[in-house]
Amino acid sequence: MILLVILLILAALVLFAVWPGVKREELRAPFYGRNYAHRGYFGKDQRPPENSLPAFAAAARHGYGIELDVQFTSDRRLVVFHDDTLDRMTPGKGFVHDAAWADLSAMPLAGSEEHPPLFADMLRTVAEANPATPLIVEIKSRNEYSKTYLEELCRATLAELKVFPGPYCIESFDPRVVGIIRRQAPGVLRGQLSDSYRSYRHDGTKIIPAYALSHCFGNFLGRPDFIAWCPDKRNWAVRLAIAAGAMPVMWTALPEHDTQKLETDNDAVIFQWYEPKEQYK
């Protein structure tokens with residue numbers, strides 16, 4: 001009997017942790033059944049480079065939605081940049097959050113004439129190309145970021161999005177960020193990004209945090225509207241969250257994947273390096 005009670009309590013705690021937010025069909029509608037260009041519409045040759053103004057303009061002109069990443073510079077300028085560090089995409093070294101905007105703005109992206117854009121400039125570029133473009137905005141986070149820092153980052157992101165004419169939603173790998181968005185902007189669609197346990201472990205995440213993050217145990221903080229999941233098979237917790245009403249979103253679809261099946265199995269697909277339909281549902 002005691003064992004049964006313990007098992008029931010554990011089951012209740014798991015359900016509490018994993019359960020998503022209530023369905024909000026009206027908020028989901030603009031994002032449903034669409035393909036989203038990952039970091040803009042760019043090729044393997046990085047011409048135009050990912051997360052550059054030409055890549056975003058190209059995605060908007062093609063009629064795609066756009067998924068992008070935002071983070072702070074050292075002087076609290078909100079920039080569009082995917083990696084935590086400058087090394088892969090620029091001649092610079094070190095963390096993006098340690099670089100001043102004056103320095104970052106002068107760095108070429110992937111050896112091109114393009115430079116990392118401010119979020120405000122990206123929004124203006126997309127609005128001019130196609131004001132109805134839906135945006136999935138990922139707020140970048142790291143374990144060492146304080147609650148105050150993340151609150152400021154979320155507040156700045158939301159403030160700049162207020163002038164964008166099209167629909168937008170917010171996502172993050174960090175459940176703390178999803179929770180902050182829930183508090184700061186309850187009327188904005190929000191999503192929990194998650195990766196496989198194997199991937200978290202490969203990146204050096206310890207066993208317990210890797211399991212918790214890959215199984216969306218932080219959903220109780222943000223009660224996400226959607227779960228953005230990787231190409232790996234969904235684990236039991238992700239399947240449970242989707243069965244409980246979370247909108248399934250896939251990242252990142254590549255040409256070698258069964259893209260037709262991905263579109264069948266997901267309500268939105270974030271893609272890269274191929275040319276799918278703009279809307280498939």
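Predicted model: local features only at pLDDT ≥ 70, side-chain atom pairs only at ≥ 80, totals over all residues.

**The largest pocket**
- This pocket has a volume of about 1,000 Å³.
- A total of 32 residues line the largest pocket, and those nearest its centre are Asp84, Ser141, Phe173, Tyr200 and Asp203.
- Several elements each give two or more residues to this lining, including the strands β2 (65-72), β4 (135-139) and β8 (247-253), along with the helices α8 (197-202) and α9 (207-214).
- Sorted by class, the lining of the largest pocket has 14 charged residues, plus nine polar and nine nonpolar ones.

**The second largest pocket**
- Here the volume is about 250 Å³.
- The second largest pocket is lined by 15 residues, with Pro231, Asp232, Arg234, Leu262 and Asp265 closest to its centre.
- By class, the lining of the second largest pocket has seven charged, six nonpolar and two polar residues.

**A stop at Asp174**
- You'll find Asp174 in the loop between β5 (168-172) and α7 (175-184).
- Is Asp174 buried or exposed? Asp174 counts as buried, because its relative accessibility is 10% and the cut-off for buried is under 20%.
- The side chain of Asp174 makes a polar contact of 2.8 Å with the side chain of Arg176.
- Setting aside neighbours within four places in sequence, Asp174 is in contact with Ser141, Leu150 and Gln192.

How values were computed. Residues numbered from 1 in each chain as written. Heavy atoms only, no water. Helix = DSSP H or I, 4+ residues; strand = E, 2+ residues; numbered from the N terminus. Buried < 20%, exposed > 50% of the residue type's maximum accessible area, 1.4 Å probe, protein only. Polar contact = N/O pair within 3.5 Å; in protein donor to acceptor, adjacent residues only side chain to side chain. Contact = heavy atoms within 4.5 Å. 1 Å grid on protein atoms, 1.4 Å probe; cavity = no way out; pocket = protein on both sides within 12 Å on 5 of 7 lines; lining within 4 Å. Points joined across faces, edges and corners; volume = space filled by probe spheres on them. Nonpolar A, V, L, I, M, F, W, Y, C, P; charged D, E, K, R; others polar.
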